[in-house]
Amino acid sequence: MKGQITIEYMMLIGALFFLVITIFYFATTESVKAIQANKADNVVNSLAKTADYLYTLGPGSMDSIEIDMPGNVNSVVISKKEIIINMGIYGGIADISATTKANVTGSISTSRGINHVNLKVLDNGVVQIED
């Protein structure tokens with residue numbers, strides 16, 4: 001009788017432990033994905049805001065900013081009036097974008113981590129964005 005109660009108690013504790021670990025794993029995975037999406041949103045918005053600010057100052061204006069590029073970035077498109085980060089997230093592919101008042105052009109690295117990006121307004125009014 002005592003042995004049966006002990007075994008049932010151990011099985012109950014084991015099942016609860018498994019449930020807690022599963023919930024913890026799911027919460028951690030979702031948090032990482034949300035952080036990556038937020039980082040990508042911060043990158044495109046920082047670039048767009050700086051490009052718009054320099055555009056208002058006129059040709060010859062330049063600035064350098066620091067961005068924190070998330071992981072899983074497939075490509076960065078800087079064209080016309082849009083900055084787009086294409087990345088793998090939530091089991092699929094997502095485009096995270098920001099629009100600008102100015103026409104923008106250029107390319108930046110997709111490598112994860114802190115990157116320094118230079119922005120410059122060209123004589124034709126286009127904002128060039130490069131590493």
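# Learning to read this model

Modeller: Let's start with Q36, which lies in helix 1; helices (H or I, at least four residues) and strands (E, at least two) are DSSP runs, numbered from the N terminus. This is a predicted model, where local features need pLDDT of at least 70 and side-chain atom pairs count only at pLDDT 80 or more, while totals for chains, interfaces and linings use all residues. Residues are numbered from 1 along each chain as its sequence is written, and side-chain values use heavy atoms, with hydrogens and water left out.

Colleague: Okay, is Q36 buried or exposed?

Modeller: Buried means under 20% relative accessible area, exposed over 50%, and partly exposed in between (1.4 Å probe, protein chains only). Q36 has 14%, so we call Q36 buried.

Colleague: And what is Q36 in contact with, beyond its neighbours within four places in sequence?

Modeller: Contact means heavy atoms within 4.5 Å. For Q36, with those neighbours set aside, the list is P70, G71, N72, M87 and I89. With N72 there is also a side-chain polar contact of 3.4 Å. A polar contact is a pair of N or O atoms within 3.5 Å; within protein, one must be able to donate a hydrogen and the other to accept it, and residues adjacent in sequence count only if both atoms are side-chain atoms.

Colleague: How many salt bridges does the structure hold?

Modeller: General idea first: side chains of opposite charge can pair when their charged atoms come close. The test is a side-chain nitrogen of Lys or Arg within 4 Å of a carboxyl oxygen of Asp or Glu. Here we get two. One pairs E30 with K33 at 3.9 Å, N to O. Those two sit three residues apart in helix 1, so about one helical turn separates them. E30 is partly exposed at 28%, and K33 is partly exposed at 23%.

Colleague: Which residue forms a salt bridge with K39?

Modeller: That's D68, with the closest N and O atoms 3.4 Å apart. K39 lies in helix 1 and D68 in strand 1, so this pair ties together parts 29 residues apart in sequence. K39 counts as partly exposed at 28%, and D68 does too, at 29%.

Colleague: Now the nonpolar core: how many residues does the largest one have?

Modeller: In soluble globular proteins, nonpolar side chains tend to be buried together. A nonpolar core is a set of buried Ala, Val, Leu, Ile, Met, Phe, Trp, Tyr and Cys residues joined through side-chain atoms within 4.5 Å. The largest one here has 28 residues, and L47, I85, I108, L119 and I129 have the most contacts inside it. Helix 1 (2–57) and strands 1 (62–69), 2, 3 (92–107), 4 (113–121) and 5 (127–130) each supply at least two of its residues. The largest share, eight residues, comes from helix 1. Take L47: beyond its neighbours within four places, L47 is in contact with I65, I67, I83, I108, V117, L119 and I129.

Colleague: Which residues make the nonpolar surface patch?

Modeller: Areas come from the Shrake-Rupley method with a 1.4 Å probe, and for residues only the protein chains shown count as cover. Here Y9, L12, I13, L16, L19 and I23 make a patch of about 610 Å². Y9 has its place in helix 1, and at 54% Y9 is exposed.

Notes: Patch = residues over 30% accessible without salt bridge, like charges linked within 9 Å, V, L, I, M, F, W, Y side chains within 5 Å.
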